[in-house]
Structures are given as structure tokens and as C-alpha cells.
Amino acid sequence: MPNDPVGQPPDVPPDPRVDGAAEVLGVVEIQQRVVAELARLADVVEPLGRLYAEAGEEIALVGGPVRDMMLGRLQTDLDLTTSAHPDVTERLLRRWAGTTWDMGRAFGTIGCRMGPWTIEVTTYRADEYASDSRKPAVAFGDSLVGDLRRRDFSVNAMALRLPGAGEDIDLERDVVDPYGGLVDHAHRVLRTPGAPEMSFSDDPLRMMRAARFSAQLGFDVAPEVVAAMTAMADRIDIVSAERVRDELVKLVCAPQPRRGLRLLVETGLADRVLPELPALKLERDEHHRHKDVYEHTLTVLDQAIELEPRLPGGGPDFVARFAALMHDVGKPRTRRFAGDGAVTFHHHDVVGAKLTRKRMRELRFPGDVTDAVARLVELHLRFHGYGSGEWTDSAVRRYVRDAGSELERLHVLTRADCTTRNRRKADRLRRTYDDLEARIAQLSEREELEAIRPDLDGNRIMEVLGLRPGPDVGRAYRWLLELRLENGPMEPADAEAALEQWWAAQHRT
């Protein structure tokens, strides 16, 4: 069985903070959380440790689960690492769990499920990126410390060995922390196990992960890590759009996305992956005063998150959050200065929707997600035509029709877009939108606005007008839909009479 030293590897200089680490505020509390979480894991830890030990192999909880145990928020997905190669792991897990899956076999990963736990066991890894590669070259390693060395941050480079039969876990003995992750955890700081330049060269996506983990955990990023991110920002260009997209989604859906987004902007990474965001830092001067669009955008995102409980699925809701982040990206392209010093951004909603679609397509987002976000960006100003409630019922119906399935998210975005410090103005806008939502609810109750359609379907249109399937049926259908939006629901006989009159008017000579 491989036997790694638990202490500091020889190629890592001693960390001066480790002296007296037991006295660091929070370390004792962290250890207590681990003990509490281990009690939940007894049905996994004990049998797996025994199974692998009997086979002459090591196995350890690693990375995220160890970090989350220290946070006291262990999820049901468990990552483990082992000295055993995938074929051995597959045999052992089948003996224990009955069934396994091997979609990650090429990366050394075999999975299974036991009770509430989803378990993935990966052979020690030693892979890295070539200088011009978008994907890592997979290679199996031969030691636990070597596996930890290739991980992104010290708080994710800790492991908890699972002891064999008849042994209890001893945190002093079984926690493998060669890079000071426990101390970094207590200090709430993100550092790389080795030099950040080496880590980011191996996998440039780790630069975005630094921003994501800062947003997820509320941790600060060490100055030397920020410096390396800034110097190496262009390295992110070799990473596939899909990987960048997935990391961006996780960041945006984190509890504090503002932290991570600021870091992306400050290091120049956003210029490479989401250039529309730093572009919102419009130049300002004493003669042309206007709202700081960048800060306004981050505030709108914060307020959209606060409003997520209004959504049917609650949160985090990526579509609502990303629409909040992108809603004003059309402003830099549409900014104009008037002679009196006023600043205008006419049609920035339409331009912003186009820019949003372009960016999301380049990041390989699914079409339905792109459509939803772009629709919200395009509609985010529509409410401001409502005035003090002057819209007709027809205008309210069109608002609902145009929002479609994104109506609830549009409510959230529109409310979040109010960032004025003028309390009287903010209260007036809130009351006005309350009124619009109340009118929508009343009309919906009477007219089923969510499923708004003409009072006659295509078959009845063909019967009334004596038509065969073709373009004329579509034209008639669209006219009836406009009639429905304008006047509300009609009795079938009235709709048929109106349709016949319209059709006759189309064919008068």
C-alpha cells in the first residue's frame, strides 16, 4: 500500500502561519464540525475504509467534501480518491453497493450510490495542461500528496483518510493537509497549493474558480493569487467555451456573486470571458453626470437575488440573475450627450438583447436559456411606459403576451432595476408596479392571460372562411390574436362575425 507522509512535502516552503495553528481562531470549531459530520458518514466511511484496506489500497475523502465538512454543510455528493486503479475500484464498489457507473472511467472515476449518498471514487491523478491545450492530459498518480498537489486551492487540497477495520478516525493522524488548507480555511483565504503561476498554467480555468469560490464561500483571494490572475488573464483563452460557461453559471448562482464578478473585472479576466461587464464602467466627468452603470448593475443583481423568493422555483435562478447582470449592456453602444449635458441611452434595451444573445451563443448556452435572458433584457424598460397606471387593458395584455413564460422573472428584474436613493421616488415606483401586477392578476383571473390565444382556432377559421391550409389561415389567426389582445375574449359567434367582416374588407375591389 502506498504510504505518504502526512506533513509538508519537501518542495513546499514552510508556511509561517502554521506555527501555533491550533491557536488560530476557528480551527477548534472547524474540527468540531468535522467530527459532527463524520457521524453522518459512518455508514460510508467504515465499510469503504475496511473494503479498500483489505484489498491493500488507500482511500480518502478529498477536496470539496472535506472543505464542506469544515463548513458544517456537507452535501450528499462525496468525492474520494484512491490508490486503486479504476478496474479495482469498480470491483470493490460492486461488491459493496451492487451497481456502479463508469462514465468517468477515462478520468479514473467510478461511481455508485448508497442510501442518500452519491459517491465517486477517482484514482490518484497527476495530469496537467500542455501550454496550448484546451483539455488536460490525464495521467494516474502514485501518491495522495501528489494528487493533492495538483488541486486548485489549499482549502480543496485536504483529504481525510478512511481507516481500515477496527480503527477509528483520528483527525490528527488521518487529516492530510500538506498545504495549510486548515489554516487558510480558518483565515477564510484562497491560496494555491504551490506557486499560483504554476497552478494556473496547468489549468487556466482555476483563475475563474478563484472568483467562483470567493463568491460561494465568502473567502478573500490571496494577493499573490490575484496578481497571478491579472498577469495570466489571457491564458483563459485556451479553455473551452463550455468550461468557461459552466464556471460562470456557478459563480452567478453563488450566494455572493458580486465578490466574484468584481474579481473577474479587476484582474482583466472579464475582458476575456464577459467583456460586456467591464464595458459598463463608462467614463464620467463633471459636465456629463450620469449613474455609474457598472455599480448600478451589481446593485440590480443583488436586489434581484433578494427578490428570488417571489419566483415559483425560488432561487438561485440563473436566468433572472444573468438578465440582471446583462440588462444594461447596451448602454455603452447607445450613449449620447445632449447639448444641455444630459446623457441618453436610447434603444439600449434592444441593443443589449442583441449583445446578450451574441455573448451567450459564444459561451455555448442552450438556446432556450439564451432566449429567456435576451427576452428579459429587451423587455426590462417596458414597465416605464406604464406611467401612473395609464395603460389600457389591451396594453396590459400585450405586456403579458410579450413576456410569455418569463413574466415572473420580468417582475423581479423590473423591481430590482430601481436603485434610486430617493425614497419617495422608490416608493412611488414600487406602488406603481404593485398596481400593474394587480391588474395582471385581475385580467388573468377573468381571461386566462397566460394561455392567451384567438377565440377561434385554425380549423374553425378554415371552416368560417372556406379556406384550405396556407398563409391566409395564418394571417387570419394573427388578426384574431390582435383582436383578442385589443378587446379581450369574445363569444365564438361574435368572433366569427368579426372575422368574416375583416375577410370581406381584405377582398373588396
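Helix H3 (residues 64-71) is mostly covered in this predicted model, since seven of its eight residues are buried, where buried means under 20% relative accessible area, exposed over 50% and partly exposed in between (1.4 Å probe, protein chains only). Helices (H or I, at least four residues) and strands (E, at least two) are DSSP runs numbered from the N terminus. The buried residues of H3 are Gly64, Pro65, Val66, Arg67, Asp68, Met69 and Met70. These residues pack against helices H1 (27-40), H7 (181-187) and H9 (205-217), and against strands S1 (59-62), S2 (77-82) and S5 (159-161); contact means heavy atoms within 4.5 Å. Just after H3, Gly72 takes a positive phi of about 75 degrees.

H3 also supplies three residues, the largest share, to the lining of the largest cavity. On a 1 Å grid over the protein atoms alone, a cavity is a set of points where a 1.4 Å probe fits but cannot get out, and lining residues have an atom within 4 Å of a point. Grid points are joined across faces, edges and corners, and a volume is the space filled by probe spheres set on the points. A search of the whole structure finds one cavity of 30 Å³ or more, and the largest cavity holds about 30 Å³ of space. Its lining consists of Val34, Val66, Met69, Met70, Leu160 and Val175. These divide into six nonpolar, no polar and no charged residues; Ala, Val, Leu, Ile, Met, Phe, Trp, Tyr, Cys and Pro count as nonpolar, Asp, Glu, Lys and Arg as charged, and the others, Gly among them, as polar.

The protein has 24 helices and ten strands, and buried residues make up 52% of its 509 residues. Of the contacts between residues at least 6 apart in sequence, 69% join residues at least 24 apart. A nonpolar core is a set of buried Ala, Val, Leu, Ile, Met, Phe, Trp, Tyr and Cys residues joined through side-chain atoms within 4.5 Å. The largest such core has 86 residues, of which Met229, Ile236, Phe322, Tyr399 and Leu436 touch the most other members. Apart from this core lies another, of 33 residues, including Val44, Leu48, Tyr52 and Cys112.

Ala233 is found in the loop between helix H10 (223-231) and helix H11 (241-252). This residue is buried, with a relative accessible area of 7%. Leaving aside neighbours within four places in sequence, Ala233 is in contact with Met207, Thr267, Gly268, Leu269 and Arg272. The C-alpha atoms of Ala233 and Met207 are separated by 7.9 Å, although the two residues are 26 residues apart along the chain.

Most residues other than glycine have a negative phi, and most peptide bonds are trans. Arg188, in the loop between H7 and strand S7 (189-190), has a positive phi near 55 degrees and is partly exposed, with a relative accessible area of 39%. His347 has a positive phi of about 65 degrees and lies in the loop between strand S10 (343-344) and helix H17 (348-362). His347 is exposed, at 59% relative accessible area. The peptide bond from Gly315 to Pro316 is cis, with omega near 0 degrees, and Pro316 is in the loop between helix H14 (293-306) and helix H15 (318-326).

Residues are numbered from 1 along each chain as its sequence is written, and side-chain values use heavy atoms, with hydrogens and water left out. For this predicted model, local features need pLDDT of at least 70 and side-chain atom pairs count only at pLDDT 80 or more, whereas totals for chains, interfaces and linings use all residues.

Conventions. On a 1 Å grid over the protein atoms alone, a cavity is a set of points where a 1.4 Å probe fits but cannot get out, and a pocket is an open set with protein on both sides within 12 Å along at least five of seven lines; lining residues have an atom within 4 Å of a point.
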